[in-house]
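Please work through the exercises below with the sequence and the model at hand. Each task is followed by a worked solution.

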Amino acid sequence: MTLQEYDYARESPSKLAASCLLLALTMKNLGGWTPTLEYYSGYSAQDLHPLVKRLNFLLTYQPRDKLNAVRSKYSHRVFFEVAKITPMDMLKLEETLTSS
């Protein structure tokens, strides 16, 4: 989704990927940013928090008329229906990020 958003072009691809992973882990309640993830990514959880919040905002307030093919593709069982997962509430996300 970020490929079509100009605001994300200035972000490092590795930081964007790490932030997406942290958001996914948080959304699925699979734990937080571990020392191993920090070591191999080179990013601490605090480095990623602002971008994680922006990504969740993008998921929450995305226009429904854009990226219909992508949404349709990732709504299928083959892709674990990830497009159907509801974004986190912004306050709950903030709470979760600051508590970890």
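The model is predicted, so local features need pLDDT of at least 70, side-chain atom pairs count only at pLDDT 80 or more, and totals for chains, interfaces and linings use all residues. Residues are numbered from 1 along each chain as its sequence is written, and side-chain values use heavy atoms, with hydrogens and water left out.

**Exercise 1. Determine where Leu55 lies, whether Leu55 is buried or exposed, and which residues Leu55 touches.**

Step 1. Leu55 belongs to helix H3, residues 45-60. Helices are DSSP runs of H or I with at least four residues, strands are runs of E with at least two, and both are numbered from the N terminus.

Step 2. The relative accessible area of Leu55 is 4%, so Leu55 is buried. The classes are buried (under 20% relative accessible area), exposed (over 50%) and partly exposed (in between), with a 1.4 Å probe and protein chains only.

Step 3. Contact means heavy atoms within 4.5 Å. Not counting residues up to four places away in sequence, Leu55 touches Thr2, Tyr8, Leu16, Ser19, Cys20 and Leu23.

Step 4. Two of these partners can be followed further. Thr2 is in the segment before H1 and is buried, at 17% relative accessible area. Leaving aside neighbours within four places in sequence, Thr2 is in contact with Tyr8, Leu16, Leu55 and Leu58. Ser19 lies in helix H1 and counts as buried because its relative accessibility is 0%. With residues up to four places away again not counted, Ser19 touches Leu48, Leu51, Val52 and Leu55.

**Exercise 2. Identify the residues with the most contacts inside the largest nonpolar core, and the elements that give two or more residues to this core.**

Step 1. A nonpolar core is a set of buried Ala, Val, Leu, Ile, Met, Phe, Trp, Tyr and Cys residues joined through side-chain atoms within 4.5 Å.

Step 2. The largest such core has 16 residues, and those with the most contacts inside it are Tyr8, Leu22, Trp33, Leu48, Val52, Leu55 and Leu93.

Step 3. Helix H1 (13-27), H3 and helix H5 (90-99) each give two or more residues to this core. The largest share, six residues, comes from H3.

Step 4. For Trp33, leaving aside neighbours within four places in sequence, the contacts are Ala18, Leu21, Leu22, Glu38, Ser41, Tyr43, Ser44, Ala45 and Leu48. In soluble globular proteins, nonpolar side chains tend to be buried together.

**Exercise 3. Describe the volume of the largest pocket and the residues that line it, then do likewise for the second largest pocket.**

Step 1. On a 1 Å grid over the protein atoms alone, a pocket is an open set of points where a 1.4 Å probe fits, with protein on both sides within 12 Å along at least five of seven lines; lining residues have an atom within 4 Å of a point. Grid points are joined across faces, edges and corners, and a volume is the space filled by probe spheres set on the points.

Step 2. The largest pocket has a volume of about 810 Å³. Of its 26 lining residues, the closest to the centre are Met1, Met27, Leu59, Val82 and Ala83. H1, H3 and helix H4 (68-73) give two or more residues to this lining, and the largest share, seven residues, comes from H1.

Step 3. The lining of the largest pocket divides into 19 nonpolar, three polar and four charged residues. Here Ala, Val, Leu, Ile, Met, Phe, Trp, Tyr, Cys and Pro count as nonpolar, Asp, Glu, Lys and Arg as charged, and the others, Gly among them, as polar.

Step 4. The second largest pocket holds about 170 Å³ of space. Of the 14 residues that line the second largest pocket, Leu25, Thr26, Asn29, Gly31 and Thr96 are the closest to its centre. H1 gives the most to this lining, with four residues. The lining of the second largest pocket comprises six nonpolar, seven polar and one charged residue.

**Exercise 4. Classify the aromatic pairs Phe57 and Tyr61, and Tyr74 and Phe79.**

Step 1. Rings of Phe, Tyr and Trp (its six-membered ring) pair if their centres lie within 6.5 Å; planes under 30 degrees apart count as stacked, over 60 as edge-to-face and the rest as tilted. By this rule there are three aromatic pairs.

Step 2. Phe57 and Tyr61 form a tilted pair, 4.7 Å centre to centre with 45° between the planes. Phe57 is partly exposed at 45% relative accessibility, whereas Tyr61 is exposed at 54%.

Step 3. The ring centres of Tyr74 and Phe79 are 4.8 Å apart and their planes are at 55°, so this pair is tilted. Tyr74 is partly exposed, with a relative accessible area of 31%, and Phe79 is partly exposed at 31% relative accessibility.
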